[in-house]
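Hi,

Here is the structure I promised to pass on. Have a look first, and my notes follow below.

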Amino acid sequence: MRNPEQVLNILAGHSNEPEYKYERLYRIVFNEQMFFVAYQRMYAKPGNMTPGTDGKTEDEMSIDRINKLIESIKDETYNPNPAKRIYIPKKNGKMRPLGIPSFEDKLVQEVVRMVLEAIYEGHFEWTSHGFRPNRSCHTALKSLQNNFNGAKWFIEGDIKGFFDNIDHNVLIEIMKDRIADDRFLRLIRKFLNAGYMEEWQFNKTYSGTPQGGIISPILANIYLDKFDKYMDEYANKFNKGTARSRNKDICKLNSRVHYLKRRINEVEDVNVRTRMVEELHEKQKLILTMPSGNDMDVNFRRLKYVRYADDFLIGVIGTKNECETIKADITKFMQEKLRLEMSQEKTLITNAQDSAKFLGYEIYVRKDYATKRNSNGTVRRYFNGNVILHVSREVIKNKLLSLEAMKVVTKHGKETWVSKGRTYMIDNEAHEIVSQFNTEIRGFYNYYSIANNASALGRSFG
């Protein structure tokens, strides 16, 4: 029986080969060692002590039980149990459905997930950051900072009910591009069709990925990888020119500056030289208040894209009309190729100097002619056109309200934040209360630590 690490490394070795097709994957799921690795990754998670619809938990897992599970997979009699549906509160007060699979199904899903990750990780685009190794919200946001500089417009993508509306047939067809193993694909379809139990009533699933399923995140990435690749091709066609043409007014001013610098030392009349120095300084200051490139250059276009799960943001150097065309083309692709619907009301086209929302941050492009001398003593505008990540007062307010740490009082037409006692913690020990507060504050700080106004967070929480 082959070592799981070797098996996965062999699969990963072909991951970045676009035309490579994987065969005989189903037999990997017969490997007892793969289940041991899956168990090691899962056993410490507290949710495993919650029984699924089969009434069993992690406590009853054994080697014999794993072998029986493998035998049922071999003869294809294995059928996942429907997930147990429960509801948990959302930040907006509504309830979000959550599926709890049985522990055996979690084990099988983890084995399948490991195989899929080995196959697809090298195949995915660098613009995808959600649910991937060594990727996170922060890597997506830093990608924005590094690549969206100078953008004139943002397009905020919003897919209606993405995870609930993934088309099973489209997903399987997408996977057939990489996987030539019908038994392995049938196993994945079994998870897609497993359904869920709610109020002791079985409900079939006709679309979407398994709620609470371990394989759901990677299946979602496989589905939207088609969109990532479409956006990469779209950007290559949209991009034009190597650099903006120079601002003609600045070119004229630079010519005058060079002339003055050359002539000043040749002029003997002190008064004339003084006037020339004054003009030189005036022209240099004026240059620093003007864009060096031609913002209206029709021969220069750029499109940048980043995605985290079903949230994506597009940065465009171009016109608003071109952004409208991009939005229409994206909508058409989603409908025709992925059978998904874009929310036209929430898919916003925003001027980059205003703010777009992405992953809890407000994103905008700074217009700032402040200067700084480089190591050579040359004055440069280092800040203009940079992407700014901003955490808004509204985000902080909503966080504190969700923690029930404050209430909002309006006095004389002015909103005031007032601290609020948490009575549900009244019986806790002092160290438990402090630990709870520190955990909440630390979590918030860690997430928003890369914000340009991160220093303001202390005053907001103080």
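Which exposed residues does the face of α3 turned away from its buried side carry? They are Ile63 and Lys68. Please keep in mind that this is a predicted model.

α3 runs over residues 63-74 and reaches 16 Å from its first C-alpha to its last, close to the 16 Å expected. Its buried residues are Arg65, Ile66, Leu69, Ile70, Ser72 and Ile73. They cover an arc of only 160° around the axis, so they sit on the same side of α3. Among what covers these buried residues are α2 (32-42) and α4 (103-120). Just after α3, Glu76 takes a positive phi of about 60°.

In α3, Lys68 pairs with Asp64 at 3.5 Å, N to O; the two are 4 residues apart, about one helical turn. Lys68 is exposed at 58% relative accessibility, while Asp64 is partly exposed at 45%.

Arg41 and Glu110 also form a salt bridge, with their closest N and O atoms 3.5 Å apart. Because Arg41 lies in α2 and Glu110 in α4, this pair ties together parts that are 69 residues apart in sequence. Arg41 is partly exposed at 43%, whereas Glu110 is buried at 5%.

Finally, in α8 (residues 216-238), Lys229 bridges to Asp225 with the closest N and O atoms 2.8 Å apart.

Best wishes

Terms used. Residues are numbered from 1 along each chain as its sequence is written. This is a predicted model: local features need pLDDT of at least 70, side-chain atom pairs count only at pLDDT 80 or more; totals for chains, interfaces and linings use all residues. Side-chain values use heavy atoms; hydrogens and water are left out. The expected span of a helix is 1.5 Å times one less than its number of residues. Buried means under 20% relative accessible area, exposed over 50%, partly exposed in between (1.4 Å probe, protein chains only). The arc is that of the directions from the helix axis to the C-beta atoms. Contact means heavy atoms within 4.5 Å. A salt bridge is a side-chain nitrogen of Lys or Arg within 4 Å of a carboxyl oxygen of Asp or Glu.
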